[in-house]
Amino acid sequence: MRLFTTVAALRCYVSLWQTKNHSLVKPSREINSHFGSIGLVPTMGALHAGHLSLIARARYENDLVIVSIFVNPLQFAPTEDYQSYPRTLDRDRDLCQQAGVDIIFAPTAEELGAGEQGRQGEKLLLTRTQVLPPETMTSVLCGKSRPGHFQGVATIVTQLFNLAQPNKAYFGQKDAQQVAIIQRLVRDLSFPIEIVTCPTVRDASGLAKSSRNQYLTLEQKEQAAVLYRSLQKAKGAFDAGERHSETLKVIVKKELAIVKAVVVEYIELVEPNTLMPLEKIEDGGLLAIACRVGETRLIDNLVLKARQPIVAIDGPAGAGKSTVARQVAAALGLVYLDTGAMYRALTWLVLQSAIPIDDYSAIAELVSKCSIQLTSSTQLDNPVRVWINGEEVTSAIRSLEVTANVSEIASQSAVRQALLQQQQQWGVKGGLVAEGRDIGTHVFPDAELKIFLTASVQERARRRQQDFYQQGQLEITVEQLAQNIAARDRADSTRELAPLQKAIDAIEICTDGLSITQVSDKIVSLYHKHQL
Ligand code: AMP
């Protein structure tokens, strides 16, 4: 592990590392790459289990992990605890070392141009370039009592993005407003970075871990546990069908009032992405609170999801994903989202347009302007119909030519980006089963049930041979097929774009010796077991 404190050193390291690791990567494929990918975890140090969960996730998903430790003066008001904020670099360094971090970046405020001269009273000084997220997002919730806070966060996070050049950056759901603002920043400023939101880590009492919990006495910690209890109480009402903002907020308020030492700053219910206040929850709502216990300000939140569940099925080629997904959808009365058909439709479009299959930029131009419509299907014998740019291609996408080219087209970054948005659009209302190599990791990271279907190479070779057999091709041996499949697995796991990877929270099912129906039954019973 290396520790850098200067911009120059970090820049130098990242640039050398990228040259070394990207020499094999084609230029069109750098976004969302894993092979040669960099994960950034921005922190203010005083690391605890919450931070460590972000680091573990980054370690799992990237080749190079950079943790920044920077108590950012731009995000503290003069009345706040900038001076007294806990600084424990030696201990943080040990924790990072144990967690397998590659680089700690711990600059001084001056090094990032954020020293004394960066602030003036409540405001950032205009002598420093700032990043200003939409006021509708920065002036609500914590922004009301912390003017300038999110501008300070956005400014430094942007700077860290430029320095660390991450493919993915990790943030905690505990700071839900921060995550929403960073997501928006990345979208508005076109950063090629995926923002990964990690669940809130809590003490056994339910109190969200925070560096500021160090300020609390034991008694105050017990008192502070009411924050999560109050959110849970509202969730209970929500689960029982309550959707009105006022009613849910009153439930929180009453519960918090039981502990007199806890002084409420706000209780709000907002749309989780735009942070606009909600009167009633339609698809989902962010229930967020801020309180003071003594001098210490604490925040917490819960996302209340009203949408129907999503089942995401990933796994290697030949494990039976699409057949299983179709059956599971039919059994549960959910929609089967045929992502394969979407890739096929784009492939058809590229072939039609006569653009060479390796002209990545022309393909990017074409696919980012197209629109795909799919019918939803909840029945096995009711095939999905597909249109692209208004033209029906339901049978055209099953041609041999499309089949031969779909894998190459689907491996291009712009193609996956174009589909990502369309697929996520389907996820807004939920109620679907989707399958694909990165459905659980990338497309629907918040799917309620994630399954990783595997089968041994031998089993997949045997299944494939049976397919060939049925098509009248009798001469292909299981050994030949096993070799092909093993080679494809290796290529799939190490490929630079959307590599085959089990989501950290996916349940693995090995399908060896199981029929499609047995696998589907297993998934259906998991669905019920999770009370979805
Ligand atoms: P901080 O050091 O407080 O700026 O936090 C650094 C990152 O860790 C932010 O993305 C936080 O949201 C995240 N984080 C802090 N506490 C927790 C927690 N209890 N669970 C999960 N993530 C957290």
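Close-up 1. A polar backbone atom of Lys209 lies 2.8 Å from a nitrogen atom of the ligand. A polar contact here is a pair of N or O atoms within 3.5 Å; within protein, one atom must be able to donate a hydrogen and the other to accept it, and residues adjacent in sequence count only if both atoms are side-chain atoms. The model is predicted: local features need pLDDT of at least 70, side-chain atom pairs count only at pLDDT 80 or more, and totals for chains, interfaces and linings use all residues. Residues are numbered from 1 along each chain as its sequence is written, and side-chain values use heavy atoms, with hydrogens and water left out. Gly172 also uses its backbone: a polar atom there is 2.9 Å from an oxygen atom of the ligand. His51 uses its side chain, with a polar atom 2.8 Å from a ligand oxygen. There are 17 residues around the ligand (a heavy atom within 4 Å). His51, Gly172, Asp175, Val201 and Lys209 come nearest.

**Close-up 2. Gly45 in the loop between β2 and α2.** The loop runs between β2 (38-43) and α2 (49-61). Helices (H or I, at least four residues) and strands (E, at least two) are DSSP runs, numbered from the N terminus. Gly45 is buried, at 1% relative accessibility. Buried means under 20% relative accessible area, exposed over 50%, and partly exposed in between (1.4 Å probe, protein chains only). Beyond its neighbours within four places in sequence, Gly45 is in contact (heavy atoms within 4.5 Å) with His51, Ile69, Asp92 and Ser211. Trp348 is 303 residues from Gly45 in sequence and 50 Å away in space, C-alpha to C-alpha.

**Close-up 3. Asn72 and its polar contacts.** Asn72 sits in the loop between β3 (64-69) and α3 (89-98). Asn72 is buried, with 2% relative accessibility. A polar atom of the Asn72 side chain lies 2.9 Å from the backbone nitrogen of Leu74. The side chains of Asn72 and Gln75 make a polar contact at 3.0 Å. Neighbours within four places in sequence aside, Asn72 is in contact with Met44, Tyr82, Gly152, Val153 and Ile156.

**Close-up 4. The ring cluster of Phe76, Tyr82 and Tyr85.** Ring pairs link these three residues. Rings of Phe, Tyr and Trp (its six-membered ring) pair if their centres lie within 6.5 Å; planes under 30 degrees apart count as stacked, over 60 as edge-to-face and the rest as tilted. The count by this rule is 4 aromatic pairs. Phe76 and Tyr85 form an edge-to-face pair, 5.9 Å centre to centre with 75° between the planes. Phe76 is buried at 3% relative accessibility. Tyr85 is buried at 7%.

**Close-up 5. Arginines over ring faces.** Arg202 lies over the face of Tyr228, 3.6 Å from the ring centre. Arg243 lies over the face of Phe238, 4.1 Å from the ring centre. A charge sits over a ring if NZ of Lys or CZ of Arg is within 6 Å of the ring centre and within 35 degrees of the ring normal.

**Close-up 6. The two sides of helix α14.** Helix α14 spans residues 400-410, and its buried residues are Val402, Asn405, Val406, Ile409 and Ala410. They lie on the same side of α14, because they cover an arc of only 135° around the axis. The arc is that of the directions from the helix axis to the C-beta atoms. These buried residues pack against α12 (339-353), α13 (360-367) and α15 (413-427). Leu400 and Ala404 are exposed on the other side of α14.
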